[in-house]
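Have the viewer open and follow along.

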Amino acid sequence: MSISSGPKIIRPITLQPCNRSSDNPILSDHRITTFIGSTRTLRLTQSISSSQRRSASTIVAVSDVAKRKSNKNLLLTKEEGLEVYEDMILGRAFEDMCAQMYYRGKMFGFVHLYNGQEAVSSGFIKLLKKEDSVVSTYRDHVHALSKGVPARAVMSELFGKTTGCCRGQGGSMHMFSAEHNVLGGFAFIGEGIPVATGAAFTSKYKREVLKEADCDHVTLAFFGDGTANNGQFFECLNMAALWKLPIVFVVENNLWAIGMSHLRATSDPAIWKKGPAFGMPGVHVDGMDVLKVREVAKDAIGRARRGEGPTLVECETYRFRGHSLADPDELRDPNEKARYAARDPITALKKYLIESKLASEAELKAIEKKVDEVVEDAVEFADESPVPSRSQLLENVFADPRGFGIGPDGRYRCEDPKFTQGTAQV
Amino acid sequence: MSMTKESDTNDGIGARQQTSFRSIVSHNLLRPVIGNSFGVKEGKMWGILRQKAGGFTGVSSQGLGLRLWPVTSALRNYSSATKEMTVRDALNSALDEEMAADPNVFVMGEEVGEYQGAYKITKGLLDKYGPERVVDTPITEAGFAGIGVGSAYHGLRPVIEFMTFNFSMQAIDHIINSAAKSNYMSAGQINVPIVFRGPNGPAAGVGAQHSQCYGAWYGSVPGLKVLVPYSSEDARGLLKAAIRDPDPVVFLENELLYGESFPVSAEALDSSFCLPIGKAKIEREGKDITITAFSKMVGYALKAAEILEKEGISAEVINLRSIRPLDRATINASVRKTNRLVTVEEGFPQHGVGAEICASVVEDSFGYLDAPVERIAGADVPTPYAANLERMAFPQIEDIVRAAKRACYRAVPMAASAS
């Protein structure tokens, strides 16, 4: 659904140097990104210079694209709005419940919560098909939920029960779902990016080599600001652009990598600029506003689906809680936290839906109630589920049933005359 | 399809020491082998052809080659016994056949395409299968290993080539964390049918950063299968098995073995031939001492066995073929027969493959050991460059002979004589 009044032009990428002043890296007026409409608008509202980044002026949490649309050309329909709202509420309620369960001892190990960043997950993943893939980091509960993994399965996995999505063998940081194409859940930062690039490579391979002509599956790779300094990130930007892979690199820039501020760790804090350096568009978007994120996501995913190559999207967002539940979170300025709390994406969407008369308070309350029930049910289910049996310890190390090239009938698979697939012509 | 049994005429020569003979033994697939009734091939008179407990009875009558005389292709229309094939050709033909049989198989790595492979293993594949299936990459091991893993998650079967396994250290995160562990972490939902292959271990004079053996490192990771071929038949059979295997396989080749020729039975040349993963091969039977080795050291061990034979010690040489899973059954059965063990490897000694074999034998067959286990490994130093120092840093045939004699309680000097 098009929101702009003019035609949407996606220009081919030109490799121009970014001509920007060094003291205003966040301000953009570069011509390289080819997303018109909302993106340019929203960037101009964020006139923050890098030196003032920490004490940025408050940005009112109203989508200014919506304000522009007084001609009733709304950004989303009621169904879409409610779907996105429900997804964000589910993410928030789920994560809050995780914190409660952790402090009660039901959950253990490393748990990284996503509070505050729901707009990115809902904004992007709700636009995907079931066959599209999502690759994430250790902060992956909400990505899995948005992609469609049932809350029960995720909660059981966190409790370490055998009914979890990975039968309790993965844990908080390793959410895999073959059915919903959630390819993990990786603990090493940057590790998921090449895997996502590989999934996108498969899409292209299926189209070109295996001749599945309509294979237009897109992959989304989510990662953080700290990862944008990692070597694997750059390697994959290069190869994705080189081979025009259908992937979107989504940077959830929440300004902090545990206790390391993004500005202390990065020579040039504008991550979106790294895209054009490799020949793909780099976009910066306000990650606290789900509507803006959704617009950018539509463009980026559309580009990938049409075979035009990758995009780098930097979402400026914030995590309301610490890095993990074990993080005392002492280094962050409380004023900064308060500022971003005022930009809570859920509150913003709620306000938008009510003001544009897409939904009533009652409907939204009903959704919240429903989500609460879903989450409580998930906890109950997880509580009552059994722990893995002892025999499960040694299962699934290999896809091979006995790990030695031995097939289900007990013989070596290579002895089976049908072991060759197809005919070999040498 | 029966498995290959022990082959007969592996007179594996340590390539560095026998370079002068390479010009004679330059067989390739298309050159017919002219043999006499004993199966002795032209140009091979310098090697002693050892048969399996039977003397010169001719190569093929013992092996399965004649019994399964196949419907041949035009290449194999000569009447004599077995063909010779270099390890390089064996790997190339295995890749070729697997890529032809399954369109999901593709090769990715540095210089695999237009350069025809850094060691020419992938020669000709680009022309046959095109650049989408033989993918030249930038120098980004972490990146393309991860891309391979990601594509394997979705059912493709990548063969990722590392120019040497030393460079795999840049990608080891993906080999271990996203390939080996994924089937377990996802509880069987996502398996990774990927092969990581490339030359492993020392070559000749390439220095410390290009000479490490990674068998022990990868062999300790659950979720990986680690294969170490020696002969051409091993190379063909194990690579085909690896490509068809639904799990991540680390395939450790050896650069110096690439140019060596080995006889291959007709069965091995068949396109559906493959060897079982996790089974070692007894290259040579004996009754006094067991010598385990893998990759190039199998050749050295066989030569050492010949020398020991002259001194009255009958050595059984086991070609491990698979470091993970390790064929403990075969090793232990052999030690229970001979009561003495020497393990040979080129890697660093501490926590090496030999250490694991020794522990396994001590755990399972302690009562059968008549002598302490002798472990021969590379020297505990980064590999030096100077030729004489490098020779001292890796096991030589004399070291194996000495260790075997020590295990048999013959008096021998501990250290090598000054060279």
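Helices (H or I, at least four residues) and strands (E, at least two) are DSSP runs here, numbered from the N terminus. What you're looking at is a predicted model, where local features need pLDDT of at least 70, side-chain atom pairs count only at pLDDT 80 or more, and totals for chains, interfaces and linings use all residues. Residues are numbered from 1 along each chain as its sequence is written, chains are lettered from A and ligands numbered from 1 in the order in which they are written, and side-chain values use heavy atoms, with hydrogens and water left out.

Start with the backbone of chain A. A:Gly185 sits in the loop between strand E3 (182–183) and helix H7 (192–208) of chain A, and the peptide bond joining A:Gly184 to A:Gly185 is cis, with omega about 20 degrees. Chain B has a cis bond too, between B:Arg324 and B:Pro325, with omega about 0 degrees. That proline lies in the loop between strand E12 (322–324) and H11 of chain B. For context, most peptide bonds are trans, and most residues other than glycine have a negative phi.

On the phi side, look at B:Arg321, which has a positive phi of about 60 degrees without being a glycine. B:Arg321 is in the loop between strand E11 (315–319) and E12 of chain B, and at 5% relative accessibility it counts as buried (under 20% relative accessible area, with exposed over 50% and partly exposed in between; 1.4 Å probe, protein chains only). B:Ala187 also has a positive phi, near 55 degrees; its loop runs between helix H6 (182–185) and strand E5 (195–199) of chain B.

Now for helix packing, which is described by the angle between the axes and the distance between them. Helix H11 (residues 328–338) and helix H12 (residues 353–365) of chain B pack at about 65 degrees with axes 10 Å apart (axes are lines fitted to C-alpha atoms, for helices over the stretch in contact, and angles run from 0 to 180 degrees between N-to-C directions). Contact means heavy atoms within 4.5 Å, and among the residues that meet are B:Ile331 and B:Val335 in H11(B) and B:Ile357 and B:Val361 in H12(B). In chain A, the axes of H13 (residues 345–355) and H14 (residues 361–384) come within 10 Å and cross at roughly 145 degrees. Here A:Lys350, A:Leu353 and A:Ile354 of H13(A) touch H14(A) residues including A:Glu361 and A:Leu364.

What about charges? The structure holds 42 salt bridges over all chains, each a side-chain nitrogen of Lys or Arg within 4 Å of a carboxyl oxygen of Asp or Glu. One of them pairs A:Asp87 with A:Lys126 at 3.9 Å, N to O. The two are 39 residues apart, A:Asp87 in helix H3 (residues 78–103) and A:Lys126 in the loop between helix H4 (118–125) and strand E1 (133–135) of chain A. A:Asp87 is buried at 6% relative accessibility, whereas A:Lys126 is partly exposed at 23%.

Over in chain B, B:Lys225 and B:Asp247 form a salt bridge with their closest N and O atoms 3.1 Å apart, and both residues are buried. Back in chain A, salt bridges with shared partners join A:Asp286, A:Asp289, A:Lys292, A:Glu316 and A:Arg343 into one network.
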